[in-house]
Amino acid sequence: MTDSPTPEVHRGLAGVVADTTAISKVDPDSNSLLYRGYPVQDLATTQPFEAVAHLLWHGELPTAAELAELESLERSLRPMDERTRRVIDDLPRDAHPMDVVRTAVSQLGGLDATLLRDGGVLDPELNRGRAVYLLAQLPGIVAYGQRRRHGLDPVPPRDDLDVARNFLWQTFGEVPDDVVVDAFRTSLVLYAEHSFNASTFTARVVASTLSDVYSAVTAAVGALKGPLHGGANEAVMHAFAEIGSADRAEAWLDDALAAKRKVMGFGHRVYRHGDSRVPSMKAALDALVEHYDRPDLAALYDTLEAAFVARKGIYPNLDYPAGPAYHLMGFDTETFTPIFVAARIVGWTAHVAEQQAANSLIRPLSAYTGPERRDVPR
Ligand code: ACO
């Protein structure tokens with residue numbers, strides 16, 4: 001018997017083109033990220049988050065009437081169901097906020113009566129409504145996740161505020177200055193979509209089994225939680241807290257690299273010369289540093305970045321400026337990745353729709369390395 005040739009294995013699916021997508025294009029050579037053709041850095045400084053959501057879902061920026069319609073629907077869907085509050089309150093107060101978000105999203109699926117209807121799971125129209133519903137619900141869930149850790153009640157949403165302002169309102173009970181709102185909105189736009197990243201691919205795998213959108217998003221939240229993906233923005237701030245001040249950054253880095261620890265917020269599977277989203281988020285962070293008068297934080301940021309790039313030749317990713325930016329805004333470190341969820345919900349739901357519109361079950365092969373066939377002992 002001749003052995004069959006060993007198949008080529010692509011560990012981590014590195015370099016594998018798994019499907020086509022019309023939602024976003026990452027070009028590592030030109031360091032660019034396009035949402036439906038538009039450079040993300042231009043969207044981040046000119047468009048409301050809701051307009052970017054419409055663009056990612058529908059392929060075009062909204063007309064004034066379409067934007068008004070989306071805003072009105074999204075605002076009407078914000079109030080939290082009492083049952084969602086109860087399910088959150090049932091979790092320990094110190095449960096990780098990503099566990100809170102994952103649980104709440106899963107529960108929203110259980111509460112959606114339209115899932116019971118024949119064909120309701122895959123109905124594109126219903127799924128568009130579910131995407132808006134999740135977009136509307138998540139800020140309140142994330143905000144309450146932070147508040148209850150401090151023993152505070154939820155803040156009801158306001159229907160006179162856009163997504164970014166309302167998110168801050170529901171978290172802090174006040175709307176901050178425009179410089180803070182602008183930085184936050186920029187981060188939401190930058191986090192909204194990024195092609196076949198790990199969590200989006202997870203969502204597509206679930207969607208490809210013709211499961212429902214809530215299941216796909218619940219799984220995606222789980223994938224985003226890990227520190228090699230979305231959890232890195234939280235990990236960046238833990239590292240900053242450990243380092244303390246700029247003068248200790250180099251020694252801390254030498255120790256971390258000697259211990260073969262990964263430094264979170266640096267490196268990217270796709271970008272090799274820097275993450276295209278970093279300059280926009282760094283500009284937003286600079287504005288916050290000035291607003292809150294925190295040159296010490298900027299010094300730590302710059303020193304660690306310069307030292308890491310000098311030693312490893314690896315550049316920061318979006319999580320590096322986003323972490324300290326959220327810290328300055330007043331978010332708990334544990335809330336950073338849930339904010340990423342509330343933004344990436346747009347990309348995930350766009351990808352679920354795209355996957356199911358031209359579905360092919362995602363089911364790769366594996367190269368077996370276990371024992372050859374053998375007899376069970378009798
Ligand atoms: N710190 C230290 N070393 C690093 C880092 C880092 N952040 N990133 C890469 N390296 C090193 C690796 O140790 C490895 O070195 P070696 O060849 O000597 O073993 C080499 O660079 C290649 O690294 P891999 O992890 O194999 O590269 P991959 O493309 O798989 O990694 C990843 C991409 C997972 C993002 C990696 O850079 C990493 O772990 N970064 C830290 C986590 C992080 O910031 N994640 C956020 C991603 S972006 C986002 O979700 C918005």
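**Close-up views of a predicted model**

**View 1. I345 and its contacts.** Apart from residues within four places in sequence, I345 is in contact with L134, L135, L138 and V217. The model shown here and in the other views is predicted. I345 is also one of the residues that touch the most other members of the largest nonpolar core, along with L56, A216 and V217. That core holds 96 residues. At least three of its residues come from domain 1 (24-226 + 334-358), and at least three from domain 2 (231-328). In soluble globular proteins, nonpolar side chains tend to be buried together.

**View 2. The two domains and where they touch.** The chain is divided into domain 1 (24-226 + 334-358) and domain 2 (231-328). Their C-alpha centres are 25 Å apart. In the contact between them, 23 residues of domain 1 meet 23 residues of domain 2. On the side of domain 1 that touches domain 2, the elements giving two or more residues are β2 (32-35), α1 (40-46), α8 and α16 (336-357). Helix α8 gives the most to this side, with six residues. By type, the residues on this side of domain 1 are 12 nonpolar, eight polar and three charged.

**View 3. The annotated positions H268 and D319.** An unreviewed UniProt entry carries the annotation "active site" for H268 and D319. These positions are spread over 52 residues of sequence, yet they cluster in space, with a largest C-alpha distance of 10.6 Å. H268 lies in the loop between α12 and α13. Is H268 buried or exposed? H268 counts as buried because 21 C-beta neighbours lie inside 10 Å, and 20 or more are needed for that class. Not counting residues up to four places away in sequence, H268 touches D275 and N317.

**View 4. D319 and its surroundings.** D319 lies in helix α15, which covers residues 319-329. D319 counts as buried because it has 29 C-beta neighbours inside 10 Å. Which residues is D319 in contact with, leaving aside its neighbours within four places in sequence? They are A232, N233, V236, M264 and G265.

View 5. Most residues other than glycine have a negative phi. S195 is not a glycine, but its phi is positive, at about 50°. S195 is found in the loop between α8 (178-191) and α9 (198-208). S195 counts as partly exposed because it has 16 C-beta neighbours inside 10 Å. K260 is not a glycine either, and its phi is positive, at about 60°. The loop that holds K260 runs between α12 (249-258) and α13 (278-291). K260 is exposed because 6 other C-beta atoms lie within 10 Å, and a residue with 12 or fewer is placed in that class.

**View 6. L111 in helix α5.** L111 is found in helix α5, residues 97-111. Why does L111 count as exposed? L111 has 12 C-beta neighbours inside 10 Å, and the exposed class takes in residues with 12 or fewer. Not counting residues up to four places away in sequence, L111 touches D81 and R83. L111 and D81 are 30 residues apart along the chain, and their C-alpha atoms are separated by 9.5 Å.

Note on methods: Residues numbered from 1 in each chain as written. Predicted model: local features only at pLDDT ≥ 70, side-chain atom pairs only at ≥ 80, totals over all residues. Helix = DSSP H or I, 4+ residues; strand = E, 2+ residues; numbered from the N terminus. UniProt positions renumbered as here; feature names shortened; annotations may be inferred. Contact = placed C-beta atoms within 7 Å. Core = buried A, V, L, I, M, F, W, Y, C linked by C-beta atoms within 7 Å. Domains from an automatic or database assignment. Nonpolar A, V, L, I, M, F, W, Y, C, P; charged D, E, K, R; others polar.
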